[in-house]
Amino acid sequence: MTNPRDTTGPGPTKTEHRLDIRAVRRQFPALRQLVHGHPLAYLDNAATTHKPTRVLDILVHHYERDNANVHRGLHTLGVRATEAYEKARARVAQFLGAREAAEIVFTRGTTEAINLVAQSYGRSHLQPGDEVIVTAMEHHANLLPWRRLCTEVGARLRVVPIDAEGGLRVDEFARLLGGKPRLVAVAHAANALGTVNPIAKMIRLAHAVGAVVLVDGALAAAHAPVDVAALDCDFYACSAHKLYGPTGIGALYGKAALLAAMPPWQTGGDMVLAVEDDAIRYAEPPQRFEAGTPPIAEAIAFAHALDWLAELGHERVLAHERALLTHATEELRAVEGVRLVGTTRDKVAVVSFIVEGLHSHDVATILDDAGVAVRAGDQCAQPLMRALGLPDTVRASFAAYNTVDEIDRLVDGVRQARALLG
Amino acid sequence: MPDPHTLYRDTLLDHGKAPRNHAPLAGATHTATVDNPVCGDRILVELTIDGEHVRDARFTIKGCLIATASASLMTEAVTGHPLAEIRRLCAEVEATCDGASAPDADMMGALGALGALAAVREYPARRRCATLPWVALRQALGQGQV
């Protein structure tokens with residue numbers, strides 16, 4: 001296990017597993033600020049990460065030099081913008097392990113990617129009486145599109161329960177597959193718990209009964225290795241902003257054959273080949289699913305965020321996050337009155353907890369007074385909170401730039417909240 | 001790390017940790033339940049109105065310390081008071097928590113213990129917590145016999 005407290009080691013090399021945290025932090029301007037007189041300890045990375053200077057710079061660079069619409073203008077800037085945008089698509093494809101760039105559709109984010117699949121694939125492939133499986137730990141983004149779809153087409157939504165540790169009941173999943181579902185939608189890692197689901201196994205089991213599988217990778221893409229080809233998943237959705245990239249851009253990976261069989265979702269410019277008076281010929285994927293002017297600068301910056309992460313060493317970042325998770329888990333467990341929520345062995349760097357007798361928003365306010373930023377509330381997973389019998393939780397989530405010292409400040413703040421409000 | 005927490009002090013802490021009138025009210029004539037969609041908090045305000053006066057006011061809450069303190073202070077402030085005065089008070093408290101400008105010395109004087117709620121002005125994310133009971137109170141007052 002690496003020691004994230006050690007920030008004085010040599011810079012990263014191929015064989016060196018330690019991150020130079022001080023050097024990493026220097027690349028994040030937003031981290032250099034005081035909040036209520038304290039250095040910001042940003043522990044809300046599962047909501048969104050901060051962005052390195054490199055990503056911020058490329059946004060400005062694009063608008064200053066290459067700004068033009070894509071896939072249209074024959075002029076120089078249009079060519080440059082299109083090349084950079086399509087290069088970004090190839091970069092995202094490489095990151096996710098897709099076989100070809102055309103399997104990547106740029107979307108506004110994970111939510112839009114899932115809605116795209118529900119509305120395009122779902123409405124054209126599901127029949128009344130069909131079944132769709134989700135899990136009890138889904139974010140609303142991977143639940144509500146399916147609930148709506150099921151209502152619209154008369155399909156039935158089945159929910160895989162979780163166990164006391166916040167792990168998926170794979171036995172129940174296997175049992176529900178007996179209903180021959182058409183589609184399975186599952187989080188790679190659950191935002192409210194940090195649980196990493198056994199998606200490779202789930203995909204194998206689902207494919208055996210002919211179901212198509214969508215994986216919500218909003219959280220996992222930054223915090224776990226992803227290889228869509230090796231997983232053999234059918235759809236994988238993620239957002240740049242949780243991956244050190246800008247907001248407003250995300251990606252949907254879809255197997256080429258599936259995307260080819262899907263009707264357009266939104267219609268408009270850039271997604272059509274020919275508009276006759278009595279017929280329309282739509283573009284091939286991925287253009288078919290990118291109506292209108294996309295977030296061009298953001299897509300390019302997304303690719304730069306991935307480059308930044310790769311140069312830092314994604315594996316090294318993950319090892320660092322695991323060390324932070326272990327430290328946070330041990331320290332919070334030692335605080336009287338704190339109960340961890342989501343304690344499976346396979347987790348990403350997320351710690352959810354309740355402080356007995358205290359409301360999560362009161363805890364979060366006291367932490368914020370100390371400069372510690374966490375998420376508090378229902379974690380956009382109200383059915384999960386009901387299943388756990390909890391009104392809400394406090395959630396701390398870690399990224400490449402976090403330190404053991406910041407986690408110690410979190411734990412101090414929780415102790416202080418107990419002393420003051422308990 | 002000890003810091004002077006500006007929100008969790010004195011009156012709010014006292015009423016938040018040991019709320020007054022935090023109980024169901026048998027025979028209530030006016031009630032309202034309000035949710036805070038941001039956090040899922042929920043408050044039930046129950047009143048006994050006798051003619052033009054609130055005779056009794058109680059609340060039941062699933063919520064944070066700030067909402068609880070605000071509800072406790074509110075029920076103390078309205079019990080025994082005429083409806084017209086309470087309606088005015090609702091507007092004053094909501095302006096105190098959420099208004100464009102901070103309450104002046106006269107207003108703070110008039111609010112008495114309720115003036116403690118002005119602390120949420122420094123915590124925009126928590127203003128709705130403080131005003132939630134008052135929204136419920138206004139709704140309860142707006143209703144007829146239940």
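In chain A, A:Leu214 sits opposite A:Phe235 of strand 9. Everything here comes from a predicted model, where local features need pLDDT of at least 70, side-chain atom pairs count only at pLDDT 80 or more, and totals for chains, interfaces and linings use all residues. Residues are numbered from 1 along each chain as its sequence is written, while chains are lettered from A and ligands numbered from 1 in the order in which they are written.

Strand 8 (residues 212-216) and strand 9 (residues 235-239) of chain A run parallel, joined by three bridges; strands pair if DSSP finds at least two bridges between them. Strands are DSSP runs of E, at least two residues, and helices are runs of H or I, at least four, numbered from the N terminus. Helix 4 (residues 110-125) of chain A lies across strands 4, 7, 8, 9 and 10, at about 35° to strand 10. Angles run from 0 to 180 degrees between N-to-C directions, with axes fitted to C-alpha atoms, for helices over the stretch in contact.

As for the sheet itself, it is open, with seven strands in the order 4-10-9-8-7-5-6 and mixed pairing. Strand 4 (104-107) and strand 6 (156-160) of chain A are the edges, each pairing on one side only.

Then there is helix 11 of chain A, with 13 of its 17 residues buried (20 or more other C-beta atoms within 10 Å of the residue's own, C-beta atoms being placed from the backbone). Just after helix 11, A:Gly313 takes a positive phi of about 100°.

Between chains, 14 residues of chain B are in contact with 17 of chain A, contact meaning backbone-placed C-beta atoms within 7 Å.

Technical notes:
A residue is buried if 20 or more other C-beta atoms lie within 10 Å of its own, exposed if 12 or fewer, and partly exposed in between; C-beta atoms are placed from the backbone. Two residues are in contact if their C-beta atoms, placed from the backbone, lie within 7 Å.
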